[in-house]
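Open the model in your viewer and keep a selection tool at hand.

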Amino acid sequence: MSTSKGNIISVIGSGLIGRSWAMVFLSGGFRVKIYDSQPGQAASATQEIRKQLKEVEQAQMLRGNLSVEDQLVLLSSHDDLSQALEGAFFVQESVYEDLETKRSVFQEVECHMGESVVLSSSTSCLLPSNVFSKVQNRKRCIVSHPVNPPYYVRLVELVPHPETEAAVVDSTHALMTQLGQAPVRLRKEIDGFALNRMQYAIIAESWRLVAEGVISVQDIDLVMSEGLGMRYAFIGPMETIHLNAPEGLEDYLKRYREGMKRVLSSFGPVPEFSGEEAKSINQEICDLIPSDHHHLSARRQRRDHLLMGLAKLKK
């Protein structure tokens, strides 16, 4: 059960990320109030959460010490924002990734909350200084960016507003750790945070290699899933290079510094990700994985089960 000062967490937004956050919070024994501005959406979300929890239970991947039914008792849906926020010590915003929408949400949320309540955003790359610009008390604001789907992939990037108090970062880190997530602290805000900056670099070079006819879509994915991904699932890039030379990082740089610089200097410009190039790559991947709902849902379910299995293995 919760060891925090409060036991109610409000989730604002009942889409995929909001539902996933709700499942994570429920697994920790917290009472979760989920809200959506569209009437009836939050209630529908609770039914979807019930379905998903039953599925993960059947797959023996349910998180936490409580049964599905015990977790669901802690969940409530709300169409009224003030009711959804009442009693909460932590608010996790998970609305559509639109700056003005998020600004408006936090401006309204702040009107209902006490000074000690942490206001957290799920934004994947919007800067905290922009997201929280309409909040009066920005000392309690923080971005808690999950990796999709957060129930299976446990990393959470914690990105403070320039005015965020250190105690807020510490308490959010403690909460995420208590929930079984893997929080990392960014010392300052930067466009794209850490994960998406790394992810976009990989996507861009993968795109260039396919677009230039160097490699197929199928094989570039194998480069990651059967190569780099196997390694990076357990150790990061810095530890990798530290282990990949007999005497560690300095030895690695002596051996490979010039080669790395040469290859990096050959990288092309940022792709446009549009036009005929995008159509061609899209067709190639659709030939491998049809984009209809049935095939994509099946692949996502397979992905989620593999990710949970990997999370268990890493423990």
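## Start inside the sheet

Five of the six residues of β7 are buried, so this strand is largely enclosed by the rest of the structure. Buried means under 20% relative accessible area, exposed over 50%, and partly exposed in between, with a 1.4 Å probe and protein chains only. Strands (E, at least two residues) and helices (H or I, at least four) are DSSP runs, numbered from the N terminus.

This is a predicted model: local features need pLDDT of at least 70, side-chain atom pairs count only at pLDDT 80 or more, and totals for chains, interfaces and linings use all residues. Residues are numbered from 1 along each chain as its sequence is written, and side-chain values use heavy atoms, with hydrogens and water left out.

## The neighbours of β7

Select β6 together with β7. They run antiparallel and are joined by five bridges. His-145 has Glu-157 in β7 as its bridge partner. Two strands pair if DSSP finds at least two bridges between them.

Look for Leu-155: its bridge partner in β8 is Ala-182.

## The whole sheet

Which order do the eight strands take? The sheet is open, with mixed pairing, and reads β3-β2-β1-β4-β5-β6-β7-β8. Select β3 (75-78) and β8 (182-185): each stands at an edge with a single partner strand, so one side of each has no neighbour in the sheet. From one strand to the next, the twist averages 25°.

Go to β1 (residues 8-12) and β2 (residues 31-35). They run parallel, joined by five bridges. Ile-9 stands opposite Val-32 in β2. Next, show helix α1 (residues 16-27), which packs on the sheet. The helix touches β1, β2, β3, β4 (90-93), β6 (141-146) and β7 (155-160). Contact means heavy atoms within 4.5 Å. The direction of α1 makes about 170° with that of β2. Axes are lines fitted to C-alpha atoms, for helices over the stretch in contact, and angles run from 0 to 180 degrees between N-to-C directions.

Select β4 and β5. Four bridges join this parallel pair. Glu-93 stands opposite Ser-121 in β5. Then show the side chains of β5 (residues 118-121). Val-118 and Ser-120 point one way, Leu-119 and Ser-121 the other way, and all are buried. In a regular strand the side chains alternate between the two faces of the sheet.

## Two annotated spans

Colour residues 192-261 next. UniProt (unreviewed entry) places "domain: 3-hydroxyacyl-CoA dehydrogenase C-terminal" there. Here the chain is 76% helix and 0% strand, with end C-alpha atoms 24 Å apart. UniProt positions are in the numbering used here, feature names are shortened, and annotations may be inferred rather than shown by experiment.

## Zoom out

The C-alpha trace spans about 60 × 45 × 40 Å along its principal axes. Buried residues make up 40% of the 315 residues.
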